[in-house]
Amino acid sequence: MPNTINIQRRKLLKYAGLTAAMAAAYPFLSYAESMAMGNQASKDFDPDVEIELTQEVAHVPIFKGPETRIWKVSGKVLKGPEAAIENHAASYIAPTIRLQKGQKVRIILKNNLPAQSILHWHGLHVPSKMDGNPMYAVDQGQAFVYEFTILNRAGFYWYHAHTHSVTAKQVYSGLAGLFIVSDAEEQALDLPKGEYDVALAIQDRSFDNQNQLHYNNHMMQRMQGFLGDQIMINGQPDYILPVATRAYRLRLLNGSNSRIYKLAWDDGTPMTVIGVDGGLLEHPEQHAYMMLAPGERREIWVDFSGKPVGTELNLRSLPFESSMHGGGMMGGRGMMGGRGMMGGRGMMGGRGMMSGGDLPLGGDYAVLKVKVSRQAQAQDKLPERLTTIKPLRLQDAANADNPRNILLSMRHMSALLNGRSYAMDDVRPDEIIPVNTLQVITFDNGFSGGMGMGMGGMMAMPHPMHIHGEQFQVLRREINPGFRSAHESVAAGFVDSGWKDTVLVMPGEKVTILKPFNDYTGIFMYHCHNLEHEDMGMMRDFLIK
């Protein structure tokens, strides 16, 4: 393994330097030294599971004809159960990682790509230096060693590239995978297991006529976020999920760069939601549809026992109003494109590059086809109670009377948080948080600005807001009356119960959350999970000290 400490020291001194805030957080280390700690294996850390992930350029057979060039992650288990890693050789999707709460894990990331890169463990509660902050990115030929204990409850998490200013392109190229945690409480429940517990990553992609990934970086794409012309499930086109006549647990990740889904079964069957970002809900919830923004996860219970063999069922994304500019709403049949479902490479869409073609944001199109393919005997019963979740209380917050307000704005090719763009060494006083405190945080997406948000070159768009580290709870949503129509097109699909790490904030909306900052000091990011917005600077750091 290359000695990366000196390389990292030079890199970090170049980009960051020693700030007063960091000095306060790490009084015993220089800034560069503190960042370099995660690069090598610790002699006193004895992992239960040791995994090696290698990033490299590869070619995979996604379509007939030329293979598609991707950035591939391959994994192998060096210590522990082989089931900890599931590779997907014929897909661009990274390996699925399966671990247990309480396990100590070491992950060795080897970067053989022709670019810097780093991986972030989305939703995991890990130390700052193991979180995958962009300042940790390693060069081609270098490695980064992560070491942490799985503190999270059972849940459906994921991991992805988090490299400064190129996160969107790197995730799009293949640097993202699923991360599933189990625990004793979950295992004791009579939920579908094994082949009946299915994890699905939903993404949109565009391909040229040589089967190569197409990614533009023009102005409209940066402002609205990338919209592909084909829906991919676990990296595969025209995906059909074969099921038996019994109950299934489907875990759904929105791994798209920017696309928001309004998911519903085409036969009108309600969505029975049993879990969100941070694991199971206390009780199952039924929704006519559910919203799924980039970075969010949902777990649903689906019972196919009453369906005859041969039945086909489609999971669709339904129309909704998605954004506002100059006082006019966009979505459905608006300026972002048409509403057709078929065309191009198959059932999932055409080839439009700027608007998503036949798959506009807020349009109506198929996402996943399910086919009942065989009979099965099972006595499936959904538990009435799944787990116990202790609600966080506003009165217990350290800043109950003074919420940390974060204003979301887009103006003149800038995506900003409180009027600030991202910089590696730019923690402001209002972004410093005492460790082991509960904080009230509000995300204001034009709630205070009224209809004027659509004027003067300013675009009001949905923003899926993500905070690194420990999960949070949603306290409330408030909507500016001028945006009520758009809000009503999605509101019934919000699942705000349970533990979350990403929350969709619609135009004209203010969302208040309660966020613990326990156990770990250091830098933890907060940002929009529209990856193009993130790369444009809609990302900041909290310093926990």
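Predicted model: local features only at pLDDT ≥ 70, side-chain atom pairs only at ≥ 80, totals over all residues.
**Entry 1: the Asp430 pair**

I began with Asp430, which forms a salt bridge with Arg420, the closest N and O atoms lying 3.0 Å apart. Both residues sit in the loop between strand 25 (414-417) and strand 26 (432-433), so the pair ties together parts that are 10 residues apart in sequence.

**Entry 2: the Arg540 pair**

Next I turned to Arg540, whose salt-bridge partner is Asp426, with 2.8 Å between the closest N and O atoms. This pair links distant parts of the chain, 114 residues apart, for Arg540 belongs to strand 34 (residues 539-544) while Asp426 is in the loop between strand 25 and strand 26. Are Arg540 and Asp426 buried or exposed? I found that Arg540 is buried and that Asp426 is buried as well.

**Entry 3: the Glu186 pair**

I also looked up Glu186, which makes a salt bridge to Arg249, and here the closest N and O atoms are 2.8 Å apart. Glu186 is in helix 5 (residues 184-188) and Arg249 in strand 14 (residues 247-254), so that the pair, 63 residues apart, links distant parts of the chain. Glu186 counts as buried because its relative accessibility is 9%, and Arg249, with a relative accessible area of 4%, is buried too.

How many salt bridges does the structure hold? I noted 34 of them. Besides the pairs above, I recorded a network of salt bridges in which Asp277, Glu296, Arg297, Arg298, Lys500 and Asp501 are linked.

**Entry 4: confidence of the model**

Last, I checked the predictor's confidence, and the mean pLDDT of the protein is 88, with 85% of its residues reaching 70 or more. Residues 1-38 have a pLDDT below 50, and the model gives this stretch 69 contacts beyond near neighbours in sequence. Where else did I note pLDDT under 50? Over residues 450-457 the pLDDT stays under 50, and for this stretch the model has 24 contacts beyond four places in sequence. I have marked residues 1-38 and residues 450-457 in my notes for their pLDDT.

Terms used: Residues numbered from 1 in each chain as written. Heavy atoms only, no water. Salt bridge = Lys/Arg side-chain N within 4 Å of Asp/Glu carboxyl O. Helix = DSSP H or I, 4+ residues; strand = E, 2+ residues; numbered from the N terminus. Buried < 20%, exposed > 50% of the residue type's maximum accessible area, 1.4 Å probe, protein only. pLDDT = per-residue confidence, 0-100. Contact = heavy atoms within 4.5 Å.
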